[in-house]
Amino acid sequence: MWFFARDPVRDFPFELSPDPPEGGPPGPWVLHRGRKKATGSPVSIFVYDVKPGADEQTQVAKAAFKRLKTLRHPNILAYIDGLETEKCLHVVTEAVTPLKMYLKERAEAGGLKELELSWGLHQIVKALSFLVNDCSLIHNNVCMAAVFVDRAGEWKLGGLDYMYSSQGNGGGPPRKGVPELEQYDPPELADGSGRAVREKWSADMWRLGCLIWEVFNGSLPRAAALRNPGKIPKSLVPHYCELVGANPKVRPNPARFLQNCRAPGGFMNNRFVETNLFLEEIQIKEPAEKQKFFQELSKSLDSFPEDFCRHKVLPQLLTAFEFGSAGAVVLTPLFKVGKFLNAEEYQQKIIPVVVKMFSSTDRAMRIRLLQQMEQFIQYLDEPTVNTQIFPHVVHGFLDTNPAIREQTVKSMLLLAPKLNEANLNMELMKHFARLQAKDEQGPIRCNTTVCLGKIGSYLSASTRHRVLTSAFSRATKDPFAPSRVAGVLGFAATHNLYSMNDCAHKILPVLCGLTVDPEKSVRDQAFKAIRSFLSKLESVSEDPTQLAEVEKDVHAASSPGMGGAAASWAGWAVTGVSSLTSKLIRAHPAAETNVPQRPTPEGLPAPAPTLVPAMPATPGAWETQEEGTDSAEDSSAADRQDDEDWGSLEEAEAVLVQQEDWSAGGQASHAGQTSSLDVKSPESDWSSWDAEGSWEPRWQDPSPPELPPEGTRLASEYNWGGPEPSDKGDPFAALSARRETGAQLRPDSWGDDNWEGLETESRQGKAELARKKREERRREMEAKRAEKKAAKGPMKLGTRKLD
């Protein structure tokens, strides 16, 4: 039977890359790129080929193999695996690049910052301190060829070929026999007499001085060049001079050298070094220290190297969230570091953490995610959004914290394009209907209308027909002035989604009613919208063949492109009408009229205003069609609105002293309604579109107009633009006073018309029905008790009923 010897190199779990070798330290070792066969992860492989007649060199290589295998330190090259045969030695380490090559590549890309160099030198000195002070070993080969850099930019000390014990065990230093390395030997070694008195670290610290010189000035031509510091930073020069001093006795210990450089104003006293030192000890830090560190980290990330952020900061952030108690503070630096990742890395490292964060019950975590959704929404696919994120996000619509409800509404601008049919057209619309009709915060109602106008193009045709007209019409009845403006511009932004019949019979009657609104900003926008819709109707009337073109989007399926048309029609939403919330609250603290006021609930959180970055507003088609005789005041008001931002609820809370009560039954009924919302699920509260607060339109025949009070002038009697002096005052002032008087008589009314789905009538009808049922039940019980009493007859006193 024949037995064949196995090839150990072939069975080795690592393989060399076909790329040419990267070099290595001067001597017999050659550095190759490699990878692990099982996983494909990159590694570095140092190869030494055994040659006949080089026994001394082979022994040095085997000693280096043994030293690297047994020494473990974060700043020393990390050993992974090795192979020793009669023909070769293979040493597998973490993937690294020689420092000389790394500096050359970075110099071509713009050069290294002093921050990176300070931390790199800090690591090498710390490795020397470990060898000298803890292991009593002399490296004896400190130079640029013995330093390597990993993918995170961390400097590692290698080149352990000529290491020996400082205690005399195992003999003296081995002979190098390499001229390139002998130029780094200190001058006292050239003195064969051995009379020079030196410390055990003196030689290595001299070589460290040579390394510092080469890092800042390039290759060292000769030892005499050390006298000129060259480009070495001024803060490092005094300490460098101690290293290359002729007296070996005064050369500092590596630990003392670090201490001197870390002193105030020292070369290694900077934010980058402090951050790295904290990350190295983060596992033993107190939770309060970790919280403070992560809060301050995001400010410094912009000045840190990209590789350092990706490969060192990011793993620590993920670990802190997964196993620590860092909480929401890791979100800001996490998304900041995420900008350095490509799409594949983002999907693998960030998205799983984000999905897990959305299921958290921590309110701070949830609101941070909603505020920063713009940074990661592009990496989320539709199945993940619909099944793992949206079910958790919708809980924010029912949250008792107004700030979370507001941020949840804003986030729908980003989530809507990725929602499926059921979530977008049913689930989301139910929540929007409830918020617009019942939420006690005016800014939230306003922003709900704003968001609906922006996502209207993504809705199905049937949902658009059922929801948009009714929702924007309801907004025009809102007592909060910015909400009324949002309703007007909502019609304008979605103008291409309405048929001509709807424009004439449903939209224009609503807009005409706003031309006598008490707020001038509402009247201005109403007049502009009326002119735009009239222009469309007139163009179709002049040329009926345009009808198909004008109504092409009415029955079309949902399309993102339609959203662009809506945005160009009236550049509002994030930068337009939504900003009226904060703008008009600041200008008119009592902007909500016709509704009894009540104090703002105590304990309402008031964080600092968080505004969405403003985007330039695109002038709409209806704005270009308006007449040139529009006043400058109207134009300036529109410009101011487009320059503003989202009406942040936090800012509104700081200004508004009183809020309106939308409950028809007063404060008591509203409190009961709010508590019930906290318990009931949206499915139970919104069983059908005909439920209370739905957006199903109920258009009825117009009621006969009321006669104006005696003495009221007709609109045609006013001078609407002539030269007549304006000493008669604003004709809307009297109308405003009459509205306020009427509101006092009917505090629970939207207005004089019977608008669809009024909550007051619905609740009164239900209350009356319940009262009648209770009365019938009471009568039945009394009748039953009377029958029982008559059947038994009178009972005798003092007697006992026996069984």
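Predicted model: local features only at pLDDT ≥ 70, side-chain atom pairs only at ≥ 80, totals over all residues.
Helix H2 (residues 55-70) gives three residues to the lining of the largest cavity, the largest share from any one source. A search of the whole structure finds five cavities of 30 Å³ or more. Rolling a probe the size of a water molecule over the atoms shows where empty space is left.

The largest cavity is lined by 13 residues, and those closest to its centre are Phe46, Leu68, Gly159, Leu160 and Asp161. By class, the lining holds 10 nonpolar residues, two polar and one charged.

Which of its residues are buried? Leu99, Tyr102 and Leu103 are buried in H3. These residues lie on the same side of H3 because they span an arc of only 95° around the axis. An α-helix has 3.6 residues a turn, so residues three or four places apart point the same way. On the other side of H3, the exposed residues are Lys100, Lys104 and Glu108.

What do the buried residues of H3 pack against? Their partners include two helices, H4 (114-134) and H6 (202-217). Strands also take part: E6 (96-98), E8 (147-150) and E9 (155-157) pack against the buried residues of H3. Just after H3 comes Gly110, which has a positive phi of about 125°.

Note on methods. Residues numbered from 1 in each chain as written. Heavy atoms only, no water. Buried < 20%, exposed > 50% of the residue type's maximum accessible area, 1.4 Å probe, protein only. Helix = DSSP H or I, 4+ residues; strand = E, 2+ residues; numbered from the N terminus. Arc of directions from axis to C-beta. Contact = heavy atoms within 4.5 Å. 1 Å grid on protein atoms, 1.4 Å probe; cavity = no way out; pocket = protein on both sides within 12 Å on 5 of 7 lines; lining within 4 Å. Points joined across faces, edges and corners; volume = space filled by probe spheres on them. Nonpolar A, V, L, I, M, F, W, Y, C, P; charged D, E, K, R; others polar.
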